[in-house]
Amino acid sequence: MSDSPQPHQRAFFALVFAFFVNFLGYAFIVPILPSWQTQFALNATQATLLVSLWAVPLFFFGPLTGRITDRFGAGRTVLVSLVLLTGSSCLYIVATNEWFSRPFLLLAVARLIHGASGATIMTAGLAAASQLWPTRFGEQAGKLLGVAAIGGLFGPVLGGLLFTWGEGMAFMVLAGMTLAVVPVVFLATTEIGGPSKGISGTVSIGVFFTDPILFRVGVLLAITTVATGALEAGVPLFLDDTLGFSSAQIGGVLLVMVLMQGIGSVVWGRLVDRKGPTRYMLVGWTVVVLSLMGVGVSGALFSGDVAVLVMICLLGAFQFSIAAAQIPMLPMIDTATTRALGEGNPGLAFGAFGAAWAAGTILGPLLVGPVFDLFGSWSIALGGLAVPALAALALTWSNRDDLKECYEEEISKRHVGSS
């Protein structure tokens with residue numbers, strides 16, 4: 001299969017739009033959390049729980065979404081998932097307008113459906129990219145996740161503005177944008193990918209725990225999403241509690257943060273394909289640790305607008321650097337899985353590691369909310385995330401040679417095969 005992106009432009013743009021609306025919806029509710037917190041009398045733990053619920057289906061059913069992708073094809077999987085994604089937005093409308101007797105419960109159900117469909121989009125999309133661009137997967141995956149980050153960037157801004165103007169209209173627009181992508185994906189379904197020819201039904205999920213490289217990469221991936229998930233849930237509540245920001249203002253702050261991660265995803269993905277992943281993972285984790293420690297210190301030293309400005313700068317540095325730790329792990333997942341399982345199981349690979357991604361996304365918000373409720377300090381709640389980041393830096397450093405060897409061994413075979 002040709003590794004040039006040109007023959008697969010229609011598939012690429014279809015995946016781009018699918019990733020965009022997927023993460024647009026994921027981040028859409030973030031600036032709305034304070035309003036829901038007031039409307040439904042939620043504490044910080046309950047409010048951040050709504051963010052975590054998105055990742056629950058991916059955590060429990062990640063490998064299953066991978067099997068579905070391998071068996072029915074990435075194209076069909078993405079298409080059906082987009083239809084379900086549209087339906088979840090309609091449930092948000094019903095819950096927010098309290099047309100249901102237990103609106104918070106319906107919000108939770110909508111979030112679970114949203115997460116399940118979003119999980120399969122991410123699994124199928126990354127699996128398709130690994131097959132369409134085997135030797136440039138880092139660059140292409142970086143672009144897809146960069147666009148996803150842009151969706152995450154516009155999600156809070158759009159959600160905050162629309163919710164301020166009209167609660168029902170906000171989710172009507174979200175449903176309409178998602179539905180508009182369905183025909184785009186439909187036309188590219190075959191090109192995105194059909195069922196895997198070499199799929200093996202005998203592969204055990206246990207290999208992802210017993211293979212040392214796969215397990216370590218999974219742990220590292222989970223830690224990145226612990227940090228990002230905690231910040232996405234905690235920062236809006238921090239800005240609301242500290243300065244009384246409106247939903248639109250919170251969306252503006254998150255825009256700057258996620259923009260940095262989107263830029264980083266594209267930049268680091270391209271560099272990984274050229275020079276390998278390990279060095280950039282080390283750089284990323286180092287800056288992540290320093291920036292998170294800075295958040296805790298600045299919260300203790302400064303107050304008012306100065307504290308917020310310093311924290312925003314530090315969190316922007318965090319977002320750019322976490323991409324350097326996160327994006328290189330995608331080609332590592334791809335190459336390590338191929339070496340361990342052979343060809344024909346890309347969906348299973350990204351489904352299994354989607355579960356690792358989800359584990360961190362669930363744990364992050366559940367970590368930051370209770371810490372704040374316990375200590376009453378956002379600087380402690382957010383700065384304390386430097387502890388797991390430091391553990392990830394140590395894990396990457398101690399395994400740098402094995403990670404590099406695994407990646408270079410498999411990617412050299414692909415270059416030979418494509419020449």
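## Charged patches and buried helices

Asp401, Asp402, Glu405 and Glu408 gather in a patch of negative charge on the surface. This is a predicted model, in which local features need pLDDT of at least 70, side-chain atom pairs count only at pLDDT 80 or more, and totals for chains, interfaces and linings use all residues. Residues are numbered from 1 along each chain as its sequence is written, and side-chain values use heavy atoms, with hydrogens and water left out.

Patch residues have over 30% relative accessible area and no salt bridge; like charges are joined within 9 Å, and nonpolar side chains (Val, Leu, Ile, Met, Phe, Trp, Tyr) within 5 Å. A salt bridge puts a side-chain nitrogen of Lys or Arg within 4 Å of a carboxyl oxygen of Asp or Glu. Lys and Arg count as positive, Asp and Glu as negative; His and the chain ends are not counted. Each charge is placed at NZ of Lys, CZ of Arg, CG of Asp or CD of Glu.

The chain has 19 helices and 0 strands. These are DSSP runs, numbered from the N terminus: helices (H or I) of at least four residues, strands (E) of at least two. Of the 419 residues in the chain, 59% are buried. Buried means under 20% relative accessible area, exposed over 50%, and partly exposed in between (1.4 Å probe, protein chains only). The accessible surface comes to about 15,700 Å², with 69% of it belonging to carbon and sulfur atoms. Areas come from the Shrake-Rupley method.

Four residues show the range of cover.

| Residue | Relative accessible area | State |
|---|---|---|
| Arginine 274 | 62% | exposed |
| Glutamate 408 | 38% | partly exposed |
| Serine 265 | 3% | buried |
| Glycine 364 | 0% | buried |

Arginine 274 sits in helix α12 (residues 247-275). Beyond its neighbours within four places in sequence, serine 265 is in contact with Gly142, Leu145, Gly146, Ala323 and Ile327. Contact means heavy atoms within 4.5 Å. Glutamate 408 belongs to helix α19 (residues 400-418).

Glycine 364 is part of helix α16 (residues 346-375). Not counting residues up to four places away in sequence, glycine 364 touches Val226, Gly229 and Ala230. Its C-alpha is 8.8 Å from that of leucine 385, 21 residues away in sequence.

Helix α3 (residues 44-53) is mostly covered, with 7 of its 10 residues buried. Among them are Ala44, Leu50 and Leu53.

Across the chain, 86% of contacts between residues at least 6 apart in sequence join residues at least 24 apart.

Notes: Areas by Shrake-Rupley, 256 points an atom, 1.4 Å probe, with all protein chains shown as cover.
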